[in-house]
There are 2 protein chains.
Amino acid sequence: MRNAVVGIDVGGTNSVFGLVSESGEILGRKSIKTGDYERFEDFVEAASEVVESFRIDFPEIKIVTVGIGAPDANYYNGTIEHAANLKWSGVVPLRRSLEKRLGLPIVTTNDANAAALGEKLFGGAKASDHFVVVTLGTGLGSGFYIDGKILYGKNSFAGEIGHMVLFPEGRVCGCGRRGCAETYVSATGLVRTAVELLSEYMIESSLRDLSLRSITSKKVYDAAVVGDWIALEAFNRTAEYLGQVLVDTVMFSNPDTIFLFGGLANAGDLLLPRLREAFERKSLEMFRGSADIRISQLPEAGAAILGAAALAWEEFHR
Amino acid sequence: MRNAVVGIDVGGTNSVFGLVSESGEILGRKSIKTGDYERFEDFVEAASEVVESFRIDFPEIKIVTVGIGAPDANYYNGTIEHAANLKWSGVVPLRRSLEKRLGLPIVTTNDANAAALGEKLFGGAKASDHFVVVTLGTGLGSGFYIDGKILYGKNSFAGEIGHMVLFPEGRVCGCGRRGCAETYVSATGLVRTAVELLSEYMIESSLRDLSLRSITSKKVYDAAVVGDWIALEAFNRTAEYLGQVLVDTVMFSNPDTIFLFGGLANAGDLLLPRLREAFERKSLEMFRGSADIRISQLPEAGAAILGAAALAWEEFHR
């Protein structure tokens, strides 16, 4: 029997499961729709069935630990607490429920900390002791690996840059407040910026043919690629907003590298040149040139899985 | 011979020197006006003369290390880099210059990190592994002691909350940008808020009798104590601004306690009740009630000296 771990990335839209070897090879992969499970108990059951299906599909492999990256997951007590982008309100006992159901050691952390551990073990941060991973998905998250370790804090909730207030009195956020960074810098933030631009300007745009409900970040990307001015400007503004977020992030943590991770990070030239320029322009003098902005070096489709798996391997070897 | 260290707090206005025993007793204390020394070399000479005067005044004591807390001081290489509130521009070799002149081990860090170490060794944070010290002086600084150690980062510049952008397009800052937190939350920020209120309202205020140049944070405090509405409102707004800064600080670092340190922290009831209320009101749900806001427990006049001395003792025992 060979050892492997299961890495689970619980996202606002999908939860992705991977069976991962110690060298970071993804042996199997499955996913379920997080949004389909109104009740947390049903999600636990569905997730457990996926893990058990790996046991059946890979009889020669022994699953030793399950690592889970989830929004607002507490590293110390294994709960998900008040996650703004999940349907389950309050505090849900993720680790305890799955441990009871599966009889396996479970370890949890927020998805962004998992991403940072993945970058350290399997990605572009192997040589760095001071880096930040910024996750650009449905929401905006961050994991800080500073002074040679993940920054956790009292309840393991350090690093919530998605809810930094970027604009006082700005856009309404799922958290109930206004102006949070993730209402601007995320897949949904990009769409909101595009819609705002459609109201601000009367310039022609193919996005005007779509119902507002059907405009996605992918549709904005596709329009930008073929030169749609509104879509291109939506990316420009997103680069400016993210630049400001990174300026504050660097002032807090003084890293040598910032890795961008998740959907928006793949926009490439639509985002990166303007982002790097905005970051330098907005930086405090002492931080200019101090941090490289790079794309996550984890293989695109498996990055979140590898992050959760890195957490599991770290726990297994503890 | 008894061992002692010299702790030096280099501030924008004054530099304060203390001869400090291992138990935190301040045996001797002197100060010079930082602003009087246009050339860095002249400051080094003046500072060295103060340290040597301690040797003469206390012949029974052996000075083993000098610890220096200074704005934008680099822990790793002993320089002060681009300090916005000091007259010396660029990078100045603080440790090397003083080591050469005094023949003593010198250790430097920014004043806020020194304050955090002081709080840990001699103050109210002896039992905490996750706390932040926020320094409210001429500027606004912060030292993060999280997961059982000072958060340094690549160049030891982690924790520069003074230059977080609180209001995009806000007040002009000494760093050349706009809207930085310290233009609102600091002794000078309080004065700027009072002056803004004097222009915003026509309400009578004793501050209207003063030239703008002569309005100091102390004058605003004195006016508030006797019920001047403009002065009271300046403290209310400062509490709101600081509340927002602390909300973001807690999201970054998830501490159990925030210690306020320096001039403004002594405003007591003019600041604290409103600050605590604003902090809870503005907090993300998951962080409500998660951090106590307290005043530094270091003896008032010696706090900055004790911080620098704590750094020196830590270095001496390394």
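The points below describe the sheet, the domains and the chain contact of this predicted model.

1. Basis of the description. In this predicted model, local features need pLDDT of at least 70 and side-chain atom pairs count only at pLDDT 80 or more, while totals for chains, interfaces and linings use all residues. Residues are numbered from 1 along each chain as its sequence is written, and chains are lettered from A and ligands numbered from 1 in the order in which they are written.

2. Domains. Chain A is divided into domain 1 (2-119 + 300-316) and domain 2 (127-295); the bounds come from an automatic or database domain assignment. A distance of 25 Å separates the C-alpha centres of domain 1 of chain A and domain 2 of chain A.

3. The sheet. In chain A, five strands make up an open sheet of mixed pairing, in the order β3-β2-β1-β4-β7. Helices (H or I, at least four residues) and strands (E, at least two) are DSSP runs, numbered from the N terminus; two strands pair if DSSP finds at least two bridges between them. At the edges stand β3 (26-33) and β7 (106-110) of chain A, each of which pairs on one side only. On average, neighbouring strands of this sheet are turned by 20° against each other, direction ignored.

4. The β4-β7 pair. Strand β4 (residues 61-70) of chain A runs parallel to β7(A) and is joined to β7(A) by five bridges. Gly69(A) has Thr109(A) in β7(A) as its bridge partner.

5. Helices on the sheet. Helix α1 (residues 40-57) of chain A packs on the sheet and touches β1 (2-10), β2 (14-20), β3 and β4 of chain A; the direction of α1 makes about 155° with that of β3(A). Helix α2 (residues 94-102) of chain A lies across β4 and β7 of chain A, at about 155° to β7(A). Axes are lines fitted to C-alpha atoms, for helices over the stretch in contact, and angles run from 0 to 180 degrees between N-to-C directions.

6. Contact between the domains. In chain A, 20 residues of domain 1 are in contact with 19 residues of domain 2 (C-beta atoms, placed from the backbone, within 7 Å). On the domain 1 side, β7 and α3 (111-122) of chain A are the elements that give two or more residues, and α3(A) provides the largest share, seven residues.

7. Contact between the chains. Chain A and chain B each bring 33 residues to their contact. On the chain A side, helix α6 (residues 229-253) of chain A gives the largest share, five residues.

How values were computed
Two residues are in contact if their C-beta atoms, placed from the backbone, lie within 7 Å.
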